[in-house]
Amino acid sequence: MSALHVNSVGYLLTSVEKQNAYVEAGCTAAIDIATDLAEAAGSYESHIKDLEGYTQTYAEVDYEVDTLKIALKKIQAVVAKQPASASDVPNLPELFEQFRQEAVEKQKRKDVRNHPRCVEFRKKVYGDDNVVDKAGGAAAAAGDAEDGDEDLAISQVEVSMNCPITQQPFVDPVRNEACKHSYSKEAILGHLRKKNGRVRCPFIGCVQVVTNATLAPDHALQGKLRRRQKRALPAR
């Protein structure tokens, strides 16, 4: 197999992987705008629903991109195994389409509503305590378990209003950008000081690392806390 074939497949894979970044940017914009509208005074329900629809569309594109990545990685493995002098070269376009169709069939078992960014939308904008979509959760879980996807763990998390360190309601919450889990600011900073500035995320089951550099204010959770506090106030 020639170096040209190897380099071409690698180039295609890199190009496809870049599409995930565009999807991420689109989802982030939609979620941020919807969160701002949810916290603003006024009736923006229709706009928020539109933004949720955009997020689901981005998620569908993300799944489609994933099928291309899976197929290209399999092609890459086939190409890598072929001797440079091999005369019996496999039909790569046919193989690619076969691998892509196999990936598409697996993706069909996933419910787009349980895509991590769609889950994040509902969590931040609607304040859903149970972030798994009840209608599609079982089917998505079955498909994801077979594929071994890590995003299942994210979609099955139950959102709590208590800090995982103090077990008390959040105070000035911050988020670990590595895993998206949140903590009370002083609690996690104190934890980091005791552990020389690097700790494993204290959220049960999470294996991501927390450092000062990975922490950022969790504006969405702060807004959710404010909304809950307002609802808790006695009517005047």
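**Entry 1: salt bridges**

I began with charged side chains, and found Glu24, Arg117, Glu120, Lys124, Arg175, Glu177 and Lys180 linked in a network of salt bridges. A salt bridge here is a side-chain nitrogen of Lys or Arg within 4 Å of a carboxyl oxygen of Asp or Glu. The structure holds 12 of them. As a general point, side chains of opposite charge can pair when their charged atoms come close.

I noted how the model was made and read: this is a predicted model, local features need pLDDT of at least 70, side-chain atom pairs count only at pLDDT 80 or more, and totals for chains, interfaces and linings use all residues. Residues are numbered from 1 along each chain as its sequence is written, and side-chain values use heavy atoms, with hydrogens and water left out.

Glu120 and Arg117 meet in a salt bridge, 2.8 Å from N to O. Both lie in helix H4 (residues 116-126), three residues apart, about one turn of the helix.

Then I moved to helix H2 (residues 45-81). Glu52 forms a salt bridge with Lys49, and their closest N and O atoms are 3.4 Å apart. They sit three residues apart in H2, so about one helical turn separates them. Glu52 counts as buried because its relative accessibility is 12%. Lys49 counts as exposed, at 52%.

Asp66 and Lys69 form another bridge, at 3.8 Å from N to O. They too are three residues apart in helix H2, about one helical turn. Lys69 counts as buried, at 17% relative accessibility.

**Entry 2: the overall layout**

I counted elements. The protein has eight helices and five strands. These are DSSP runs numbered from the N terminus: helices are H or I with at least four residues, strands are E with at least two. From the N terminus, the order is α-α-α-α-α-α-β-β-α-β-β-β-α. Of the 236 residues, 39% count as buried. I also checked contacts, meaning heavy atoms within 4.5 Å. Among contacts between residues at least 6 apart in sequence, 62% join residues at least 24 apart.

**Entry 3: nonpolar cores**

A nonpolar core is a set of buried Ala, Val, Leu, Ile, Met, Phe, Trp, Tyr and Cys residues joined through side-chain atoms within 4.5 Å. In soluble globular proteins, nonpolar side chains tend to be buried together.

How many residues does the largest core have? It has 17, and those with the most contacts inside it are Tyr183, Ile188, Leu192, Cys201, Val210 and Leu215. Helices H7 (185-194) and H8 are the elements that give two or more residues to this core. H7 gives the most, with four.

Leaving out residues up to four places away in sequence, Val210 touches residues including Tyr183, Ile188, Leu192, Cys201 and Leu215. A second, separate core of eight residues includes Ala30, Ala34, Ile48 and Phe121.

**Entry 4: two single residues**

Thr211 lies in strand E4 (residues 209-211). Thr211 is buried, at 16% relative accessible area.

Phe170 is in the loop between helix H6 (151-155) and strand E1 (173-176). Phe170 is buried too, at 10%. Phe170 and Ser184 are 14 residues apart in sequence, and their C-alpha atoms are 5.1 Å apart in space.

**Entry 5: the second largest pocket**

I finished with a pocket. On a 1 Å grid over the protein atoms alone, a pocket is an open set of points where a 1.4 Å probe fits, with protein on both sides within 12 Å along at least five of seven lines. Lining residues have an atom within 4 Å of a point. Grid points are joined across faces, edges and corners, and the volume is the space filled by probe spheres set on the points.

The second largest pocket has a volume of about 190 Å³. Among its lining residues are Asp32, Glu39, Lys124, Arg175, Glu177 and His219. Helix H1 (3-39) and helix H8 (219-232) are the elements giving two or more residues to this lining. Which element gives the most? H1 does, with four residues.

The lining divides into two nonpolar, two polar and seven charged residues. For this count, Ala, Val, Leu, Ile, Met, Phe, Trp, Tyr, Cys and Pro are nonpolar, Asp, Glu, Lys and Arg are charged, and the others, Gly among them, are polar.

Technical notes: Buried < 20%, exposed > 50% of the residue type's maximum accessible area, 1.4 Å probe, protein only.
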